[in-house]
Amino acid sequence: MEIVIANISHIAYAEIICKTIEDAALVRGTGIAKRKPEYIATKMENGNAVIALDGDKFAGFCYIEKWGHGKFVANSGLIVHPDYRNIGLAKLIKQVIFNHSRTKFPDAKVFSITTGLAVMKLNTELGYKPVTFSELTDDPTFWDGCQTCRNYDVLTRTERKMCLCTGMLYDPKNKSTEDPKVVKENVFRRLKHIKQSLFLKKEKK
């Protein structure tokens with residue numbers, strides 16, 4: 001297994017990456033905006049993605065997006081193929097893409113919005129902290145990218161202030177020499193349940 005910075009030689013995997021992301025969104029039922037192969041290919045061409053390969057078989061992927069004229073970057077589209085889940089691969093990919101982001105954009109704040117409990121846990125281990133959406137990028141293009149998510153109506157109803165996703169932020173200016181305090185998963189689980197009860201209640205009627 002190897003995790004490398006993706007380049008044009010990996011464009012052949014763009015189709016399966018998009019299909020894996022789409023399938024995961026259907027299973028989860030929340031979050032994960034769809035992406036087109038052309039978009040993924042561009043990330044590879046620009047050196048803004050990492051890919052995990054088991055020989056020539058696709059195992060996992062994640063990419064970098066830049067927002068607000070480089071003030072913010074996001075590690076998006078983290079996905080692991082079903083054949084390689086539950087072996088710690090997501091954590092390894094997350095670490096590699098995070099380090100790559102910090103090297104390529106050292107002054108940028110790194111943020112994430114996610115409904116995935118596992119991703120939230122990984123983020124806290126890297127030093128991210130839960131924040132309100134107002135502390136994230138105000139670039140409308142980023143938020144427009146949520147339109148393919150099934151919960152986009154929640155985002156619009158709250159005027160882009162809240163959604164089922166939790167916003168998380170790593171600010172290099174606030175980097176501490178101490179190990180980050182990891183938020184327990186049950187805290188995120190409770191937060192997710194509260195949001196679902198609040199924002200999805202209309203669908204239960």
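In this predicted model, strands β3 and β4 form a hairpin with 4 residues between them. Gly 68, in the turn, has a positive phi of about 55 degrees. Strand β4 also pairs with β5, and the chain reaches β5 from β4 through helix α3.

**Strand pairing around β4**
- Strand β3 covers residues 57–67 and runs antiparallel to β4, with 7 bridges joining the two.
- Within this pairing, Gly 60 has Val 80 of β4 as its bridge partner.
- Strand β5 (residues 109–114) runs parallel to β4, and 3 bridges join them.
- Ala 74 stands opposite Phe 111 of β5.
- The β-α-β crossover from β4 to β5 passes through α3 (residues 89–104) and is right-handed.

**Burial of β4**
- Strand β4 spans residues 72–80 and is mostly covered, with 7 of its 9 residues buried.

**Nonpolar core**
- The largest nonpolar core has 21 residues.
- Val 73, Leu 89, Ile 93, Phe 98, Val 110 and Tyr 128 have the most contacts inside this core.
- Two or more core residues come from each of β2 (49–54), β3, β4, α3, α4 (117–126) and β7 (166–170).
- Helix α3 gives the most to this core, with 4 residues.

**Contacts of Ile 93**
- Leaving aside residues up to four places away in sequence, Ile 93 touches Ile 3, Val 50, Ala 52, Gly 60, Phe 61, Cys 62, Leu 78, Ile 79 and Val 80.
- Among these contacts are Gly 60 and Val 80, which are bridge partners.

Notes
Residues numbered from 1 in each chain as written. Predicted model: local features only at pLDDT ≥ 70, side-chain atom pairs only at ≥ 80, totals over all residues. Heavy atoms only, no water. Buried < 20%, exposed > 50% of the residue type's maximum accessible area, 1.4 Å probe, protein only. Pairing = 2+ DSSP bridges. Right-handed = clockwise from strand over helix to strand, strands pointing away. Core = buried A, V, L, I, M, F, W, Y, C linked by side-chain atoms within 4.5 Å. Contact = heavy atoms within 4.5 Å.
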